[in-house]
Amino acid sequence: MRIIVGMSGASGAILGIRMLEALQRVEDCETHLVISESAEQTIRLETGYSVEAVKGLADVLHDIRDMGATIASGSFKTDGMIVAPCSMKTLSAVAAGFSYNLLVRAVDVCLKERRKVVLLPREMPFNAIHLRNLQVADQSGCLIMPPMLTFYNHPATIDDMVDHVIGKTLMQFGVDFQPFKAWEGTEAAQQMPPERVEA
């Protein structure tokens with residue numbers, strides 16, 4: 001398996017980081033990372049990871065300015081791409097087919113080759129332009145997967161919520177992620193007491 005991970009400059013850098021960490025544990029999975037300068041800044045602002053440590057999580061790192069990289073061509077076979085997080089700027093470029101950097105070009109390549117593309121858009125609330133771009137991206141072949149809060153899995157920590165998003169995303173590529181708790185029906189849910197925090 002060969003998966004491209006794109007990290008753009010939206011809040012939620014941990015989503016891309018945990019995605020890479022999860023894929024490291026998948027046997028025979030080769031990851032290609034392309035990361036924007038804004039994403040590098042977000043990593044520094046939001047996480048305890050260094051940018052170099054994040055880059056080191058991928059098997060292959062690509063310079064976002066390198067339009068001659070392998071992932072810029074459809075003849076380089078991949079199983080698809082995950083953009084986590086996906087900024088509204090990157091979304092707008094995807095929707096318009098404006099491949100101004102390698103990250104967007106890699107998405108464009110996956111779409112033209114009918115490969116899977118999963119976008120994790122990070123913005124709240126969405127305005128009409130965002131919604132229109134999301135619809136265009138969906139109609140163009142992207143799977144839109146906003147990192148929504150979930151409650152049926154009784155998350156106790158932010159890590160639990162992040163893991164749920166990672167698990168849902170990797171399901172699209174046929175990858176099982178152990179921390180992910182799938183819905184098993186109301187009977188199972190009733191046997192799982194919710195975590196309580198004392199006031």
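**Contacts, sheet and pockets**

Colleague: Leaving aside neighbours within four places in sequence, with which residues is Q24 in contact?

Modeller: This is a predicted model, in which local features need pLDDT of at least 70, side-chain atom pairs count only at pLDDT 80 or more, and totals for chains, interfaces and linings use all residues. Residues are numbered from 1 along each chain as its sequence is written, and side-chain values use heavy atoms, without hydrogens or water. Q24 is found in helix α1; helices (H or I, at least four residues) and strands (E, at least two) are DSSP runs numbered from the N terminus. With contact meaning heavy atoms within 4.5 Å, and with neighbours within four places in sequence set aside, the partners of Q24 are G56 and L57.

Colleague: What distance separates the C-alpha atoms of Q24 and L57?

Modeller: L57 is one of the two residues that Q24 contacts beyond its neighbours within four places in sequence. Along the chain the two are 33 residues apart, whereas their C-alpha atoms are separated by 7.3 Å.

Colleague: Which residue in β3 is the bridge partner of L33?

Modeller: Strand β2 (residues 30-35) runs parallel to β3, and three bridges join them. The β3 bridge partner of L33 is L61.

Colleague: Which residue in β6 is the bridge partner of L119?

Modeller: β5 has a parallel pairing with β4 over five bridges, in which M81 stands opposite V117. β5 also pairs with β6, in the parallel sense, over three bridges. In β6, the partner of L119 is I144.

Colleague: How many of the six residues of β5 are buried?

Modeller: Buried means under 20% relative accessible area, exposed over 50%, and partly exposed in between, with a 1.4 Å probe and protein chains only. β5 is mostly covered, and its buried residues number five.

Colleague: Why does T31 count as buried?

Modeller: T31 lies in strand β2. Beyond residues up to four places away in sequence, T31 touches I3, L20, L23, L57, A58, D59 and V60. T31 counts as buried because its relative accessibility is 2%.

Colleague: Which elements do the buried residues of α4 pack against?

Modeller: The buried residues of α4 are M88, T90, L91, A93, V94 and A95. Two of these, L91 and A95, are touched by N133, which has its place in helix α6 and itself counts as buried at 14% relative accessibility. The buried residues of α4 pack against β4, α5 (102-112), β5, α6 (128-139) and β6.

Colleague: Which element gives the most to the lining of the largest pocket?

Modeller: On a 1 Å grid over the protein atoms alone, a pocket is an open set of points where a 1.4 Å probe fits, with protein on both sides within 12 Å along at least five of seven lines, and lining residues have an atom within 4 Å of a point. Of its 17 lining residues, the closest to the centre are R122, P146, P147, M148 and L149. The elements giving two or more residues to this lining are α1 and α7 (158-171), and the most, four residues, come from α7.

Colleague: How do the lining residues of the second largest pocket divide into nonpolar, polar and charged?

Modeller: Ala, Val, Leu, Ile, Met, Phe, Trp, Tyr, Cys and Pro count as nonpolar, Asp, Glu, Lys and Arg as charged, and the others, Gly among them, as polar. About 230 Å³ of space lies in this pocket, and its lining includes S8, G9, E37, K89 and Y100. Its residues divide into two nonpolar, seven polar and three charged.

Note on methods. Two strands pair if DSSP finds at least two bridges between them. Grid points are joined across faces, edges and corners, and a volume is the space filled by probe spheres set on the points.
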